[in-house]
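Biologist: Could you walk me through reading a model like this one? I would like the general idea for each feature, and then the case at hand.

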2 protein chains.
Amino acid sequence: MGSFKVAVIEGDGIGPEVCRAACEVLEKTGEIFGHEFEFNKALAGGIAIDETGECLPEATVNLCRASDSILLGAVGGPKWDDLSGEARPETALLGLREELGLYANLRPATIHMALKNACPLKEEIIGDGIDILIVRELTGGIYFGEKGWKGSKNGMKAYDVESYSEAEVKRIAIRAFDSAMNRQKRVVSVDKANVMESSRLWRRVVTEVSHDYPEVELTHMYVDNAAMQLIKDPRQFDVMVTSNIFGDILSDEASMITGSIGLLPSASLGEGNFGMYEPIHGSAPDIAGQNTANPIAAILSSAMMLRHSFGLIEEARCIENAVTKVLESGYRTYDIKDSYKIIKSEEGRESVSSMIMGCKEMG
Amino acid sequence: MGSFKVAVIEGDGIGPEVCRAACEVLEKTGEIFGHEFEFNKALAGGIAIDETGECLPEATVNLCRASDSILLGAVGGPKWDDLSGEARPETALLGLREELGLYANLRPATIHMALKNACPLKEEIIGDGIDILIVRELTGGIYFGEKGWKGSKNGMKAYDVESYSEAEVKRIAIRAFDSAMNRQKRVVSVDKANVMESSRLWRRVVTEVSHDYPEVELTHMYVDNAAMQLIKDPRQFDVMVTSNIFGDILSDEASMITGSIGLLPSASLGEGNFGMYEPIHGSAPDIAGQNTANPIAAILSSAMMLRHSFGLIEEARCIENAVTKVLESGYRTYDIKDSYKIIKSEEGRESVSSMIMGCKEMG
Ligand SMILES: [Mg+2]
Ligand SMILES: [Mg+2]
């Protein structure tokens, strides 16, 4: 029996409706398992720009700091597309990661077997399913390194520095091995150690960390090969850990491979148990407010919250099983309709909520 | 009627047998169209280490400089796996690129419709075929930038610098647009301009070059999105141009998507018409000398040579069509066997040679 404070940043577009669905599913789970969730809303993104002039108001950061975790919907939309750089809604995400030290991005790439028709890969490759967890370093590397322009004999030259310290690699490696201990106990570390020095350091530190996890099998793989293997045989992967830039590319590739890209959750973790949880889909302003958005990615994000921030493993599985059952029952929102029973977002959330009870009883 | 000097670097493993096949196909093409090819062999890779003590002897570089183009088989093998860094057979490739200024890597990712069963993607995505040309910058960027280690408060730190000059981007962009003019006239330039300065320079220079090619449609795409789009809808791509590291990842991903990875050729081009042509497959020492290696990648590499170094477009198409016909006739080497007529390497080469005559007559 626990009591948890969740900061809810609904954001823009379909953000509010999918967050509402996730919160109700959390509440239902709390009722059944005897936990209490206190939800406090905060502004970020386009709506924050409209109401306060800033995409990430101070009050939002403070509320997040005073909370046990964050649930985030989505930010951005055409309304704010003319704003430049720093002023854009998306900058709020970078700000939150930085302010809260969210250095580990966990991106599951899971295929829902009920939706395997949507998978771009042939049936014999999918086999009995794909279940990969990509652990991406999120606050270091080339996206945050020194960068700039300078004159040279060949005209202007521009540069960006990829750089990693031992401490940065160590903490992300620990996240990967910890995650693997609750899964299939296999970690693939992706780098380009045949040509990059930062990759050589990466490989050395990951190998050192692996000695503390004798049960976990560690393999090293070059990034170009990893991009191939994800297509050739995605079932070989359990946990994949990699740098910011390689993780950016490979996590998106892996998501697309599942064919369920609109249904995938994510977590961004900092020190201790704190984390921010959000669907990987965007704010989809074109369908906002029509009760047609698919709430599954947000609901699965709340399950990740239970697992990673609150240590409620059984409760998390319960939500995930409920989602699987709803999909197996043939319920579909418009985005994944085929010849199935089309339901509204709210009904989707209600279906998951009602399934949770069943999943607990099955136990 | 032309006369061309080709340096032939057979290398290790199956290198010699696939080179022989490609040379005979070139000779046959020369007979039919009235061109003369002078083939001169040179050593590189493991065999060069064994015979001269160096993976890339001076004499080889000199012969290449005195030739109009290079045909390369494959280098490396377990025999030389214990050698470290500079001494390894693979270093010969880096040496050749550097010595000869081969800055543009052309990697076609083509699906042979006769082999579409081998493609990992579902039939509705393959549609009537995939035909992508990836143009990768090969001598700049992070693989060749400043790199090293230094101490920091977080322990050791290692870094690699990604950097591009206007001149470097301009020449690779010109290669991409020139190639597009002979194809579908569409170029997708891949970068990460939302976070990297070198990508912003890349995007600016590619856009400038595009003004000289008003018939070619230019689109910019972020690298993470490109990794997804290759899976979601590979048919949207004609020519893709990108940096060394992004091209490394995306060209391998694209090759895997075709399902014909053992059959794909490549070209590395320098200033003017000079180029080095080689299969993307390795030296496969386990099957060397058994007359079972698939010669198609080497044969298609020779077709790229005709097109890019010698301007013999019709002759190149003729070889490519002959390969397609041989595959459509159901001939297969062991690597791509299914329920087809298995043939030996030599028969494969002979089949292609005999088809070339037919293709010319049709043509
Ligand atoms: Mg991304
Ligand atoms: Mg590669």
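Predicted model: local features only at pLDDT ≥ 70, side-chain atom pairs only at ≥ 80, totals over all residues.

Biologist: Which rotation and shift superpose chain B on chain A?

Modeller: In general, two copies of a chain are related by a rotation about an axis and a shift along it. Here the rotation is 180° and the shift along its axis 0.0 Å, with an RMSD of 0.0 Å (least squares on C-alpha atoms of residues with pLDDT of at least 70 in both copies). The two copies are thus related as by a two-fold rotation axis. Both use the same surface, as 100% of the contact residues of chain B recur in chain A (contact means heavy atoms within 4.5 Å).

Biologist: How much area do chain B and chain A bury between them?

Modeller: Buried area is the accessible area (1.4 Å probe) that two parts lose on being put together, summed over both. For chains A and B that is about 4,400 Å², with 67% of it on carbon and sulfur atoms. B:K122, B:W149 and B:I249 supply 14% of the area that chain B buries against chain A, more than any other three residues.

Biologist: Which protein donors does the magnesium ion (ligand 1) have?

Modeller: Donors are N, O and S atoms within 2.8 Å of the metal (3.2 Å for Na, K and Ca); water is not among the atoms, so sites may look incomplete. The magnesium ion has A:D248 (OD), A:D252 (OD) and B:D224 (OD), 2.1 to 2.3 Å away. A:D248 and B:D224 are both buried (under 20% relative accessible area; exposed is over 50%, partly exposed in between; 1.4 Å probe, protein chains only).

Biologist: And how does strand β8 of chain A pair?

Modeller: Strands are DSSP runs (E, at least two residues), as are helices (H or I, at least four), numbered from the N terminus; two strands pair if DSSP finds at least two bridges between them. β8(A), residues 186-191, has five of its six residues buried. Six bridges link β8(A) to β9(A) in the parallel sense, and four join β8(A) to β10(A), also parallel. A:S189 has A:H220 as its bridge partner in β9(A) and stands opposite A:V241 in β10(A).

Definitions and conventions: Residues numbered from 1 in each chain as written. Chains lettered and ligands numbered in written order. Heavy atoms only, no water.
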